[in-house]
Amino acid sequence: MLEGKAMVEDSDMPLKMQMQAMAFASQALDLFDVFDCKSIAGHIKKEFDERYGSGWQCVVGSNFGCFFTHSKGTFIYFQLETLRFLIFKGACTP
């Protein structure tokens, strides 16, 4: 496990959920090759969907841009080792 080495760059998640996000990321890095970002992201999304309900999105990589709308209290962007992780639950707009 790579716990304790993550650096949160931005988040509005409750601290407990942030810790869970980093634990899921660490777990995924133990299960998958660091270059298999799709499987890493899929694992994290599945864990969040099971624990916090469906609708979660996860992006994993070393270089990506994004623009999105998220539900309040469901966003985290952090780095663990050489990868960056973006996890959020999409917002419904009228």
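Visitor: How close do the axes of helix α1 and helix α2 come, and at what angle do they cross?

Guide: The axes of α1 (residues 15-31) and α2 (residues 37-52) come within 9 Å and cross at roughly 140 degrees. Axes here are lines fitted to C-alpha atoms, for helices over the stretch in contact, with angles from 0 to 180 degrees between N-to-C directions. Bear in mind that this is a predicted model, where local features need pLDDT of at least 70, side-chain atom pairs count only at pLDDT 80 or more, and totals for chains, interfaces and linings use all residues. Residues are numbered from 1 along each chain as its sequence is written, and side-chain values use heavy atoms, leaving out hydrogens and water.

Visitor: Why are α1 and α2 called oblique to each other?

Guide: Angles under 35 degrees count as roughly parallel, over 145 as roughly antiparallel, 65 to 115 as roughly perpendicular and the rest as oblique. The crossing is at roughly 140 degrees, and α1 and α2 are therefore oblique.

Visitor: Which residues meet where α1 touches α2?

Guide: Among them are Met17, Phe24 and Leu31 in α1, and Ile40, Phe48 and Tyr52 in α2. Contact means heavy atoms within 4.5 Å. By class, the contact has eleven nonpolar, three polar and two charged residues. Nonpolar takes in Ala, Val, Leu, Ile, Met, Phe, Trp, Tyr, Cys and Pro, charged is Asp, Glu, Lys and Arg, and the others, Gly among them, are polar.

Visitor: How many bridges join β3 to its partners β1 and β4?

Guide: Four bridges join β1 (residues 7-11) to β3, and five join β3 to β4 (residues 83-89). Two strands pair if DSSP finds at least two bridges between them, so β3 pairs with β1 and with β4. Both pairs run antiparallel. Met7 stands opposite Gln79 in β3, while Ile76 stands opposite Ile87 in β4.

Visitor: What makes β1 and β2 the edge strands?

Guide: The four strands form an open sheet in the order β1-β3-β4-β2. Each of β1 and β2 (56-61) pairs on one side only. The twist averages 15 degrees from one strand to the next.

Visitor: Where do the helices lie on that sheet?

Guide: α1 lies across β1, β2, β3 and β4, running at about 40 degrees to β3. α2 packs on the sheet too, touching β2 and β4.

Methods:
Helices (H or I, at least four residues) and strands (E, at least two) are DSSP runs, numbered from the N terminus.
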